[in-house]
Every structure is written in C-alpha cells, then in structure tokens.
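Please report on this model. Cover the strand pairing first, then the protein surface at the DNA.

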There are 2 protein chains.
Amino acid sequence: MSTQNLEIMMNQVDAKLSDVHIIQILKDAGLRPTRQRIFIGGLLFGQEHRHVSADILHIQISTLGQKMALATIYNCLHQFHKAGLLKQVNAVKDVIMFDTNLDYHHHFLNVDTGELTDIDESTVSIGGVPSLPDGFEAESMELIIRVKQLNN
Amino acid sequence: MSTQNLEIMMNQVDAKLSDVHIIQILKDAGLRPTRQRIFIGGLLFGQEHRHVSADILHIQISTLGQKMALATIYNCLHQFHKAGLLKQVNAVKDVIMFDTNLDYHHHFLNVDTGELTDIDESTVSIGGVPSLPDGFEAESMELIIRVKQLNN
DNA sequence: AGAATAGTTTAAAATCATTCTAAATTAATT
DNA sequence: AATTAATTTAGAATGATTTTAAACTATTCT
C-alpha cells in the first residue's frame, strides 16, 4: 500500500460523518435528531477522539458561527453520555469532561492545564483489586496519573 | 500478649491526641497553632482514618458546639494538605475530599452517596504504565473504582 | 397536509461549593 | 505591654452547572 493510500485511509477514519449517518446514530440511541444534536454529533462522532467540556464545545460552536445555548450543550452532552455515545471522565476539578473514546482506558491529567491524555489500555494491567461487598457492583474503574511539567 | 493488652494498644492508636501533641504537629509543619487549627487537628490526627469535606467537618464542629467559619475550615484543610498532613482525593464530583490516610492507596467511590472507602494498596498492583513525556513528572497515581448498590 | 402532542431549546434565574475581601482578632516578637 | 505579622471571619463574589417556564420543533395522528 502506498503512503498516499494510507493517508487517504487515515483521512477516512477521521472524516466528518454525513448528517444522514449522525441522524442514524442519534435515532439508534433513542434521541431525536434535532439540529443542535446533529451539529454537536458532527463535532464529536467519527472524528479523532476528544476530551471536551461543555464550555470548550460552546466556544468551538460559536467560533464556527453557530449560536447555541450553553444549557443545550450541557443537555446534549449528558444525553449522549446516558445513551452510551460518550464517556464521562471524573478526574478534572471544577469541570465535567466527556470522552469520545468509548474503549476502556485510563488518563494522564496535566494538573496545570487540565488537559487529559489517553493511556493505551493494552499496556496497563491492574491486578489484586479486592472484591466488592455483597450487593455492590462496580460501575467503572479509572486510573488517573496526575502529571506536571518540571519547571527548570 | 493478652487480648486485653491488645485492645489497650488499639485504643491508644486511635486515642485523641493531646493538644500539646497536636500543637507540636502543627509547629513541625510550620503552622501556627491557632485555636481553630488545634481543634480541627484533634478531629483528624491520631484518629481512625477519615475522608472529610469542608462541609462535613463544619457540620461536625457545629454539632460539637464549636463556632467556626466555613472559610476557616477551607483554609485549614488546604494548609494541612500543603503541609503534607492530609491528602486530597480528586474523584468525588462537586466536592473536595481530604484523606487522613497518608499512605499510597486507592479508593472505592459509592456513586450514590459519595462515600469513599480505602482499598488496601498491598493487594493492588498496577503495571505497564507508559513513561511520561520528557519534562514531565508524575505527581500522583490514583485508582478509583466507582461502585453502586444493586437495586433489588 | 394540518392539527395535536410530546420532546427540545432557550435566556435568564437559581444553586452551590469554593474563593476572595477587607476588617477584626490573635499569636508571636520586641 | 506594644508592635508586627498571620489568622479568622462574615459576607460578597465567582463560576460551573442546573433549573425554570415559555417559545419552538420534531413526530404522530387524522
């Protein structure tokens, strides 16, 4: 395979999905395909994996010339999460972060910037976790490695 | 050693420290032993390990008949943390939790109640963590297992 | 298609944990 | 005891998120 073909393939992986495709994703998730949800879906699905807050998305949407209430973006992100289209990362102070990477994985957190970076799960192994008390089930397991830049 | 002696030992471990002792801890940490810090120290040091928020502490302090500004409790907890007398747990949404257990360990988080439970570190093993980019250092590594009660 | 309905979006207000401010108080030092 | 510097405090401010209730829109029904 030529380098050129590889690039085309890579582009296809991250290519923006058609509205038709996004509408199908929304319908499959039991969500009405509203203009707002289709637009946000276009920014999140079929793209490179992202870690987004409502605020960051709001800024991006505004930059793209769209007008959308911040409350709508909060609603949308929570609905996508509930529908299993997004994961929530519970590690960043003062902000709810959503992750488009649905695979089980962990994160580096830059404590200075709040930036999250995926840790490839395939290499990480967590063992010896004690079993839960009766009547409890694990909802998720999350490893956060807080990192900071050395100042010198 | 008799069972009775063992109990006395155990009690001593969790016995409330004398003010003199707490004042020494504060001084060693470079903190002025104010009335407020001594009182809070008495609730946190030399006791069984606890996970506390400013709010919970405020309620406990009020219940004990003391009057203390919530801002003072926030200040105090942050100062204790900065001085290495407390750890901060960055996993519970919407609230800053402080941990009197200074040893490296992980947590169960009850997602319904927000309650944290220590996971004995000696049994848990985390391997295969990728090395950090140049110029970065890890500040901490935290494993959170989010659990919920089965409803039946 | 047009009307009925149920769900969605919106701006603005409310919430709530936390932080800030500036004045009053207290601990340490002289 | 007087001075200085740190601490505490009440109350205001902050800022992310949620709520409210009215306007809007997608879907269903006829």
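B:H107 has its bridge partner in β5(B), namely B:D118. This bridge belongs to an antiparallel pairing of β4 (residues 106-110) with β5 (residues 116-119), both of chain B, over 4 bridges. Two strands pair if DSSP finds at least two bridges between them. Helices (H or I, at least four residues) and strands (E, at least two) are DSSP runs, numbered from the N terminus. The hairpin of β4(B) and β5(B) has 5 residues between the strands. There, B:G114 takes a positive phi near 80 degrees.

This is a predicted model: local features need pLDDT of at least 70, side-chain atom pairs count only at pLDDT 80 or more, and totals for chains, interfaces and linings use all residues. Residues are numbered from 1 along each chain as its sequence is written, while chains are lettered from A and ligands numbered from 1 in the order in which they are written.

At DNA strand C, α5(A) gives the largest share of the surface, 4 residues. α3 (35-44) of chain A and α4 (54-63) of chain B are among the elements that each supply at least two.

At DNA strand D, the largest share, 4 residues, comes from α5(B). Here α4 (54-63) and α5 (70-82) of chain A, with α3 (35-44) and α5 (70-82) of chain B, each supply at least two residues.
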